[in-house]
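Work through the exercises below with the sequence and the model in view. Each task is followed by a solution in steps.

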Amino acid sequence: MSKASNLSKSQLLIKHILLWTVFGYCYQSAISLLIKMATDVQPSNVLITSLVYCLGFNVLAAHLITKYDKHWPVIGSIFIGLVGLVAIPFLLFGRSGLLAYPLLAGILFSLPLCSYVVGLIKIKLHKN
């Protein structure tokens, strides 16, 4: 019997929230770096380039979320996105730390969507 099965629901939830918070901080750091890279590559189309880079990164992040979170990967991705892209920048820098609203909305919507799709793909692959 594994250790995870010995934990109560509340302990499991606290464990996941703590892990999601740490991953959210790492996620915020990576997204900030991607946006800086997009600015360097195409200064004229920063919003579109940043969104494309972030969508590609969200596929990778969704893979990691679904790999390590077997219980609530979509809820975890929503929490990670909100902590990483809203809470941490707002706490550190105020409103000026937040991304442009269209970019923020696109990234926040795509992470749970990617987690859901990657989870479905993994389920389908395990059936074959």
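A residue is buried if its relative accessible area is under 20%, exposed if over 50%, and partly exposed in between, with a 1.4 Å probe and protein chains only. The model is predicted, so local features need pLDDT of at least 70 and side-chain atom pairs count only at pLDDT 80 or more, while totals for chains, interfaces and linings use all residues. Residues are numbered from 1 along each chain as its sequence is written, and side-chain values use heavy atoms, with hydrogens and water left out.

**Exercise 1. Describe the protein chain as a whole.**

Step 1. Helices (H or I, at least four residues) and strands (E, at least two) are DSSP runs, numbered from the N terminus. The chain has five helices and zero strands, in the order α-α-α-α-α from the N terminus on.

Step 2. Along the principal axes, the C-alpha atoms fill a box of roughly 55 × 40 × 20 Å.

Step 3. Of the 128 residues in the chain, 31% are buried.

Step 4. A contact means heavy atoms within 4.5 Å. Among contacts with a separation of 6 or more, 71% are between residues 24 or more positions apart.

**Exercise 2. Find how H2 and H4 cross, and what lies in their contact.**

Step 1. Axes are lines fitted to C-alpha atoms, for helices over the stretch in contact, and angles run from 0 to 180 degrees between N-to-C directions. The axes of H2 (residues 9-41) and H4 (residues 73-93) come within 8 Å and cross at roughly 55°.

Step 2. Angles under 35 degrees count as roughly parallel, over 145 as roughly antiparallel, 65 to 115 as roughly perpendicular and the rest as oblique. H2 is therefore oblique to H4.

Step 3. A crossing is right-handed if the near helix is turned clockwise from the far one by less than a right angle, and left-handed if anticlockwise. H2 passes H4 in a right-handed crossing.

Step 4. Residues of H2 including Trp20, Phe23 and Tyr27 meet a set in H4 that includes Phe79, Val83 and Ile88. Sorted by class, this contact has 13 nonpolar, six polar and no charged residues. Here Ala, Val, Leu, Ile, Met, Phe, Trp, Tyr, Cys and Pro are nonpolar, Asp, Glu, Lys and Arg are charged, and the others, Gly among them, are polar.

**Exercise 3. Is Thr49 buried or exposed, and what does Thr49 touch?**

Step 1. Thr49 lies in H3 (residues 46-68). With a relative accessible area of 8%, Thr49 is buried.

Step 2. Apart from neighbours within four places in sequence, Thr49 is in contact with Ala38 and Gln42.

Step 3. A polar contact is a pair of N or O atoms within 3.5 Å; within protein, one must be able to donate a hydrogen and the other to accept it, and residues adjacent in sequence count only if both atoms are side-chain atoms. One of 2.7 Å joins the side chains of Thr49 and Gln42.
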